[in-house]
Structure formats: C-alpha cells, structure tokens
Amino acid sequence: QVQLVESGGGLVQPGGSLRLSCAASGRIFSIYAMGWYRQAPGKQRELVARITNGGSTNYADSVKGRFTISRENAKNTVYLQMNSLKPEDTAVYYCNAEARLAAAYWGQGTQVTVSS
C-alpha cells in the first residue's frame, strides 16, 4: 500500500503563490506516476498536473504557465508550485499516485483558497 500526505495549502490573495508538497510512503517503488487533482465547490475532480517517473509532465490548460509540478524521487515527494493564483483556483487539492496493478492512491486533500 501507499500513503500520501499533502501540505502547503492555505489562504492567499489573487496573484499570490503557494507551494504544495506530497510525501509518499509505503510501497513507493510501485509508483510510476504522480499528480495533483483539484475539486472546486460544485464541480468534479479534475487533473491539474501529472509527472511520470521518466520526468514527463502534463498540465491542465487552465494552469499552464502558472503552475509547475516537480519531483524529488530520493525523498519520495512531489511538489506543485502555484504562481499568479486566481480565485478560480480555489479548490481542495489532492495528491495522486498511480501504481502497478492498476492501483491508485489519494491523499487526504489540502484546501487552497484564493480570495481578497
């Protein structure tokens, strides 16, 4: 099994920045990709950014140029640097791990609120 713990959420003003962290533990060698999803009030969960073990990344169109996903494999940690935040970015952000045998794991979520 894999456990994921997110941190770094909070309340920021529009135009501000936050850095989210996700630390993985357990059977981490089974993970081949990790990503960040978010769920805004009244909306379905959506992919924000994803990174594979090989370093390939992809982003939602709405965050391209503003968000950056990165990883530190030696620390079993993935980050999401969020710049130029907008009120539309307000959501609960969830860390996700894709693992062998079609397994998927989720963190508990961290709230990001962008408001003046």
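Does S116 count as buried or exposed, and at what relative accessibility? At 83% relative accessibility, S116 counts as exposed, where exposed means over 50% relative accessible area, buried under 20%, and partly exposed in between (1.4 Å probe, protein chains only). S116 belongs to the segment that follows β11 (110-114).

The structure is a predicted model, in which local features need pLDDT of at least 70 and side-chain atom pairs count only at pLDDT 80 or more, while totals for chains, interfaces and linings use all residues. Residues are numbered from 1 along each chain as its sequence is written, and side-chain values use heavy atoms, with hydrogens and water left out.

The protein contains 0 helices and 11 strands; helices (H or I, at least four residues) and strands (E, at least two) are DSSP runs, numbered from the N terminus. The order of elements from the N terminus is accordingly β-β-β-β-β-β-β-β-β-β-β. The radius of gyration is 13 Å, close to the 13 Å given by the globule rule for 116 residues, so the protein is as compact as a globular protein of that length. The radius is taken over C-alpha atoms, and the globule rule is 2.2 Å times the number of residues to the power 0.38. Along the principal axes, the C-alpha atoms fill a box of roughly 40 × 25 × 20 Å.

Of the 116 residues, 42% count as buried. Among contacts (heavy atoms within 4.5 Å) between residues at least 6 apart in sequence, 51% join residues at least 24 apart.

An open sheet is formed by 4 strands in the order β1-β3-β8-β7, with antiparallel pairing. Two strands are taken to pair if DSSP finds at least two bridges between them. The edge strands are β1 (2-7) and β7 (67-72), each of which pairs on one side only. Neighbouring strands of this sheet are turned by 15° against each other on average, direction ignored; axes are lines fitted to C-alpha atoms, for helices over the stretch in contact, and angles run from 0 to 180 degrees between N-to-C directions. Strands β1 and β3 run antiparallel and are joined by 6 bridges. V2 stands opposite G26 in β3.

Strand β9 has several pairing partners. With β4 (residues 31-39), β9 pairs in the antiparallel sense over 8 bridges, and M34 has A97 in β9 as its bridge partner. The antiparallel pairing of β9 with β11 comprises 3 bridges, and V92 stands opposite Q111 in β11. With β10 (residues 103-106), β9 forms 4 bridges, again in the antiparallel sense; here N96 stands opposite W106 in β10. In β9, 8 of the 9 residues are buried, so the strand is largely enclosed by the rest of the structure.

The hairpin of β9 and β10 has 3 residues between the strands. L101, in the loop between β9 and β10, has a positive phi of about 60° although it is not a glycine. L101 is exposed, with a relative accessible area of 85%. A positive phi, of about 50°, is also found for S84, which is not a glycine. S84 is placed in the loop between β8 (77-82) and β9 and is partly exposed, with a relative accessible area of 41%.

The disulfide count comes to 1, a disulfide being a pair of cysteine sulfur atoms within 2.5 Å. The bond joins C22 to C95, with an S to S distance of 2.0 Å. The link of C22 and C95 is left-handed, with -85° about the S-S bond. It connects distant parts of the chain, as C22 lies in strand β3 (residues 18-26) and C95 in strand β9 (residues 91-99), 73 residues apart. Both C22 and C95 are buried.
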